[in-house]
Each structure stands twice: as C-alpha cells, then as structure tokens.
Amino acid sequence: MVVSNINPHNKEIVVRRRIASIFNKREDDFPSLREYNDYLEEVEDMIFNLVAGDDVAATEVKIAEYQEENADLILINHARKAEELALAMSASKGPPAQTDNTDGSSQGISVAAGQYAPTIVGGQPRPTGIAPQPVPLRGGPDMHGYLEDEETMRIRTENASRAAGWSIEFSKKRGFEEAFASFCV
C-alpha cells in the first residue's frame with residue numbers, strides 16, 4: 001500500500017492504523033514479556049520502513065504473509081476489541097439525566113447539594129445546588145467604608161480607562177477612520 005500524501009504525519013497515522021489492525025496481538029497472547037517486546041519491535045520496524053519508504057516491497061510481502069497465516073487470530077482479536085469497546089461504552093453511560101424540577105418532586109437523579117450530575121446521559125457534568133455567590137464591587141462602600149456618589153464613580157471609571165490606554169479622542173479617531181474607510185471601498 002502506497003500512501004500519497006504531502007503531510008508526513010498523516011502518512012504515519014494511516015500506516016500505523018493499517019498495521020495495528022493486522023498486527024493486533026496483545027501481551028496476553030505471548031508466553032513471556034521478552035517475546036511480546038520482540039513482536040512490538042518488529043511491528044515498529046515495519047511501520048518505519050513503510051513511512052520512510054525503505055524496503056517497502058519486502059515489508060508489504062511480510063505483512064501479506066502474516067495476514068494470510070494469522071487471519072483467524074486477527075479476526076478473533078478484532079472481535080475481542082469490539083466486545084471490550086461495547087462493554088466500556090455501556091459502562092460509561094451512567095445514570096439517567098437530571099431533570100430541572102423546581103416543584104420539589106423526586107423525579108430524575110437525587111444528588112447531594114454541591115455534587116455534579118450529568119446534564120444528559122454521557123454529557124458534561126453540571127453543578128447542582130447553589131454555591132455562595134460573589135459580592136458585587138460597585139455600588140457599595142469602597143475599601144475604606146465610604147459610599148461613592150455618581151461623580152466619584154464616573155471619575156474612577158475615567159481614570160481606569162485612561163490607565164488602560166483608552167481615551168475619548170482615540171474612540172473618535174477610530175470612528176472617523178472606519179466611517180471614511182467605508183466610502184473608499
């Protein structure tokens with residue numbers, strides 16, 4: 001199999017997926033860890049040869065021979081992988097979705113306050129219960145305990161804007177530039 005793609009990473013991904021679907025033995029299939037490591041090293045050598053373009057014909061012959069000799073084992077391992085995936089998917093489904101009931105009925109999931117419950121089956125969790133809310137900074141007393149009037153708040157906002165680099169002249173200039181740029185287009 002020749003992969004004609006400009007991006008070498010995509011080529012390697014395609015080759016790795018193909019080889020992994022054929023050479024799909026696991027550590028359980030080997031009597032010793034040494035034999036399993038030798039098998040993995042041989043697989044990596046084949047992947048390298050295919051990606052780098054070294055001795056591709058001999059590597060393809062080796063893959064075809066292995067695939068022909070171990071067709072039954074390859075199918076068994078595919079089936080085992082599919083069963084494990086189905087089992088993992090069913091285990092990750094989780095409890096039914098939480099309903100937003102404000103009437104106090106006991107439908108949906110019962111979750112203690114402050115715990116997380118899924119929004120939908122298999123979805124992202126969301127917090128339940130009400131946590132303490134932050135106190136707003138504006139409108140109340142300042143750090144010295146004095147109440148601010150509107151003029152003080154306006155001056156503070158103006159000073160903060162100026163410190164951040166914003167000015168009314170800048171806004172006017174930009175507005176004029178955008179308005180006149182639309183005429184030129």
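Me: Taking a salt bridge as a side-chain nitrogen of Lys or Arg within 4 Å of a carboxyl oxygen of Asp or Glu, how many does the count come to?

Reply: The count comes to eight salt bridges by this rule. This is a predicted model, in which local features need pLDDT of at least 70 and side-chain atom pairs count only at pLDDT 80 or more, while totals for chains, interfaces and linings use all residues. Residues are numbered from 1 along each chain as its sequence is written, and side-chain values use heavy atoms, leaving out hydrogens and water.

Me: Which residue forms a salt bridge with R18?

Reply: R18 pairs with E60, and their closest N and O atoms are 2.8 Å apart. Because R18 lies in helix α1 and E60 in helix α3, the pair ties together parts that are 42 residues apart in sequence. Helices here are DSSP runs (H or I, at least four residues), numbered from the N terminus.

Me: Is E60 buried or exposed?

Reply: E60 counts as buried, at 17% relative accessibility. Buried means under 20% relative accessible area, exposed over 50%, and partly exposed in between (1.4 Å probe, protein chains only).

Me: And what does D29 pair with?

Reply: D29 forms a salt bridge with R80, the closest N and O atoms being 3.5 Å apart. D29 lies in the loop between α1 and α2 and R80 in helix α4 (residues 71-91), so this pair ties together parts that are 51 residues apart in sequence. D29 is partly exposed at 30% relative accessibility, and R80 is partly exposed at 24%.

Me: Where are R154 and E151?

Reply: Both are in helix α5, three residues apart, which means about one helical turn separates them. R154 is partly exposed, with a relative accessible area of 41%, and E151 is partly exposed at 40%.

Me: New topic: which elements give two or more residues to the largest nonpolar core?

Reply: That core has 14 residues, of which I19, I22, F23, Y39, V43, I63 and Y66 touch the most other members. The elements in question are α1 (8-22), α2 (33-52) and α3 (56-69), and α2 gives the most, with six residues. A nonpolar core is a set of buried Ala, Val, Leu, Ile, Met, Phe, Trp, Tyr and Cys residues joined through side-chain atoms within 4.5 Å.

Me: What does I19 touch?

Reply: Not counting residues up to four places away in sequence, I19 touches V43, I47, L50 and I63, where contact means heavy atoms within 4.5 Å.
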